[in-house]
Amino acid sequence: MTVVPFDKSTAIAEILATAPGIPTVFTTGFASRVAASLDDRPNHFYMTGSMGLALALGTGVAMASQQPTIVVDGDGSLLMNPATLLAVGTAPDLPLVHIVLDDGLYASTGGQPTPGRHAHLAGLATASGYQSVCEANNPSALRARLTTALDVPSAVFIHCPVQPDATPPRRRVTPDLPGVAMRFSQYVRGAAA
C-alpha cells in the first residue's frame, strides 16, 4: 500500500473535492498557487500579497452573505494577524470554516520557519471564542471534518498539521487579479440571492 504524504497540495485537493461550490478564500502564496493550478473556479478568491488577511476577507464574505464560506489559511499567515481570530470568535452564527494548513514554514519565501512551533493554534482559536475546534491530520479526517463543519451554524476551526510540500511552488496566479475579484464577487452574490 502506498502512503500519500499529507502536505498542503494534498490537503487543498481534498478541500476542492469535498466543497466544490463553496466560496473559498486562499491565503497568499503557495496555497493560492496550488488551488489555482488544481482547479481554478469562480468561487475561489486568491490572496496575492496581503499576507495575514485571508481570514479577515473570508469573515467579511461570510458576514455579508450569510453563506458558508471557507478560508484556507497557513500557520505563518494566521500568526501575522491573529487578532482576526477574536473577531470570528465573537461573531455568533458566522457560517465560516477556517482551515489552517500548518507546515511550520513560510513556503513561498524559501521555507523559513514560522513562529508557529511556539504557539498552540487550536488553543488560540478556542481562547478566541470559536465554538468548534478540531484537528485533521490526514485526507480522510479532513474530508470528514470539513463535511461536518459545513453543517455547523457557527465558525469552525480545523487545524491541519501537514508536511512541507516536496514540489516547488507552482506558477503564479493569473495576472488578471481584478478579473478574479469580479468573478468571485459575482459568484458570492449569485449564491446569496
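## Helix 1 against helix 2

Helix 1 passes helix 2 in a right-handed crossing. This is a predicted model, so read everything below with that in mind. The two helices, with helix 2 running over residues 30–38, pack at an angle of about 55 degrees, and their axes sit 10 Å apart. Helix 1 and helix 2 are therefore oblique to each other. From helix 1, the contact takes in Lys 8, Ser 9, Ile 12, Ala 13 and Leu 16; from helix 2, it takes in Phe 30, Ala 31, Val 34, Ala 35 and Leu 38. Sort the residues of this contact by type and you get eight nonpolar, one polar and one charged.

Helix 2 itself is mostly covered, with seven of its nine residues buried. Those buried residues are Phe 30, Ala 31, Ser 32, Arg 33, Val 34, Ala 35 and Ala 36. What do they pack against? Helix 1 is one partner, and strand 1 (24–26) and strand 2 are the others.

## Helix 1 against helix 7

Helix 1 (residues 8–18) also packs with helix 7 (residues 139–149), here at an angle of about 40 degrees and with the axes 10 Å apart. Helix 1 and helix 7 are therefore oblique to each other, and helix 1 goes past helix 7 in a right-handed crossing.

On the helix 1 side, the residues involved are Thr 10, Ala 11, Glu 14, Ile 15 and Thr 18; they meet Pro 139, Leu 142, Arg 143, Leu 146 and Thr 147 of helix 7. By type, the residues of this contact split into five nonpolar, three polar and two charged.

## Helix 6 and its buried face

Which residues of helix 6 are buried? In this helix (residues 121–128), they are Leu 121, Ala 122, Ala 125 and Ser 128. Looking down the axis of helix 6, you find these buried residues within an arc of 125 degrees, so they line one face of the helix. As background, an α-helix has 3.6 residues a turn, so residues three or four places apart point the same way.

The cover over the buried residues of helix 6 comes from both helices and strands: it includes helix 4 (75–80), helix 5 (83–89), strand 4 (96–102), strand 7 (132–135) and strand 8 (156–161). Just after helix 6 comes Gly 129, which takes a positive phi of about 110 degrees.

Ser 50 is not a glycine, yet its phi is positive, near 55 degrees. You'll find Ser 50 in the loop between strand 2 (44–46) and helix 3 (54–65). Its relative accessibility is 45%, so Ser 50 counts as partly exposed.

Gln 66 is another non-glycine residue with a positive phi, in this case about 55 degrees. Gln 66 sits in the loop between helix 3 and strand 3 (69–74). With 48% relative accessibility, Gln 66 counts as partly exposed.

## Leu 57 in helix 3

Leu 57 belongs to helix 3. Leaving aside residues up to four places away in sequence, Leu 57 touches Val 25, Phe 45 and Met 47. Leu 57 and Phe 26 are 31 residues apart along the chain, and their C-alpha atoms are separated by 9.9 Å.

Asp 93 has its place in the loop between helix 5 and strand 4. At 52% relative accessibility, Asp 93 counts as exposed, because the cut-off for exposed is over 50%. Gln 66 turns up again here: not counting residues up to four places away in sequence, Asp 93 touches Gln 66, Pro 153 and Ser 154. Asp 93 and Gln 66 are 27 residues apart along the chain, with 8.8 Å between their C-alpha atoms.

Ala 166 is in the loop between strand 8 and helix 8 (177–192). Its relative accessible area is 79%, so Ala 166 is exposed. How far apart are the C-alpha atoms of Ala 166 and Lys 8? They are separated by 9.8 Å, with the two residues 158 places apart along the chain.

Notes. Residues are numbered from 1 along each chain as its sequence is written. This is a predicted model: local features need pLDDT of at least 70, side-chain atom pairs count only at pLDDT 80 or more; totals for chains, interfaces and linings use all residues. Side-chain values use heavy atoms; hydrogens and water are left out. Axes are lines fitted to C-alpha atoms, for helices over the stretch in contact, and angles run from 0 to 180 degrees between N-to-C directions. Helices (H or I, at least four residues) and strands (E, at least two) are DSSP runs, numbered from the N terminus. Angles under 35 degrees count as roughly parallel, over 145 as roughly antiparallel, 65 to 115 as roughly perpendicular and the rest as oblique. A crossing is left-handed if the near helix is turned anticlockwise from the far one by less than a right angle, and right-handed if clockwise. Contact means heavy atoms within 4.5 Å. Ala, Val, Leu, Ile, Met, Phe, Trp, Tyr, Cys and Pro count as nonpolar, Asp, Glu, Lys and Arg as charged, and the others, Gly among them, as polar. Buried means under 20% relative accessible area, exposed over 50%, partly exposed in between (1.4 Å probe, protein chains only). The arc is that of the directions from the helix axis to the C-beta atoms.
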